[in-house]
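Dear colleague,

Please find the structure below for your review. My notes on its salt bridges and on one helix contact follow it.

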Amino acid sequence: MTAANGRRADATGGDTVSAVVRQWQAVHPDLDTGPMEVIGRINRCAALLQQAEDAPLRRAGLSRPEFDLLGALRRTGHELTPGELARETFSSGAAVTKRLKQLTERGLVERRVDARDRRVAHLRLTEAGRDLVDGILPEQLAYETAVLSVLDPQGQGELAGLLGELLGQLEGRLGALRA
């Protein structure tokens with residue numbers, strides 16, 4: 001079975017997706033399962049990485065979406081509105097509102113009402129929130145470094161480039177679909 005780019009689809013490997021692809025090829029030998037090998041592996045890697053990387057967050061009493069909000073506030077370095085946070089974290093407004101309530105109650109985020117429009121809130125990290133994010137981030141990066149150490153630096157760069165190219169295309173398409 002050849003993939004769309006002319007290369008032979010690699011369903012002979014030992015990972016879970018290879019087994020799934022072999023099964024589909026047995027049932028539908030006429031179909032090109034090449035895309036499944038890429039998308040399936042991306043999805044499987046994402047699920048496995050998320051399970052393991054969430055351990056530091058669980059120890060800190062945070063969910064992944066809560067940490068994403070805190071991280072967005074930390075990395076941008078300035079106040080954000082709930083709408084801006086929703087866009088930064090690819091979350092719904094309702095989900096952001098719920099998470100912000102919990103983070104505010106925990107003393108990790110504080111709100112400031114806009115002086116010109118009292119309906120608008122500006123959010124920023126408290127010192128405790130900043131300390132929490134800064135404390136978790138090195139552990140997270142160490143974990144990611146260890147995971148990627150199975151690839152040499154050139155392989156990491158190639159993978160980052162290919163994923164960046166794919167992500168840019170997908171974000172462009174989804175943006176066009178929303179317009």
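Glu 110 is partly exposed, with a relative accessible area of 30% (buried means under 20%, exposed over 50%, partly exposed in between, with a 1.4 Å probe and protein chains only). The side chain of Glu 110 meets that of Arg 124 in a salt bridge, 2.6 Å from N to O (a side-chain nitrogen of Lys or Arg within 4 Å of a carboxyl oxygen of Asp or Glu). This pair links strand β1 (residues 109-113) to strand β2 (residues 121-125), its members being 14 residues apart. Arg 124 is likewise partly exposed, at 43%.

This is a predicted model, in which local features need pLDDT of at least 70 and side-chain atom pairs pLDDT 80 or more, while totals for chains, interfaces and linings use all residues. Residues are numbered from 1 along each chain as its sequence is written, and side-chain values use heavy atoms, without hydrogens and water.

The structure holds 10 salt bridges. One of them joins Asp 15 and Arg 41 at 2.8 Å, N to O. Asp 15 lies in the segment before α1 (16-27) and Arg 41 in helix α2 (residues 34-59). Shared partners join Asp 15, Glu 37 and Arg 41 into one network.

A further salt bridge pairs Glu 88 with Arg 75, the closest N and O atoms being 2.8 Å apart; Glu 88 belongs to helix α4 and Arg 75 to helix α3. Glu 88 is partly exposed at 34%, whereas Arg 75 is exposed at 55%.

Yours sincerely

Terms used
Helices (H or I, at least four residues) and strands (E, at least two) are DSSP runs, numbered from the N terminus.
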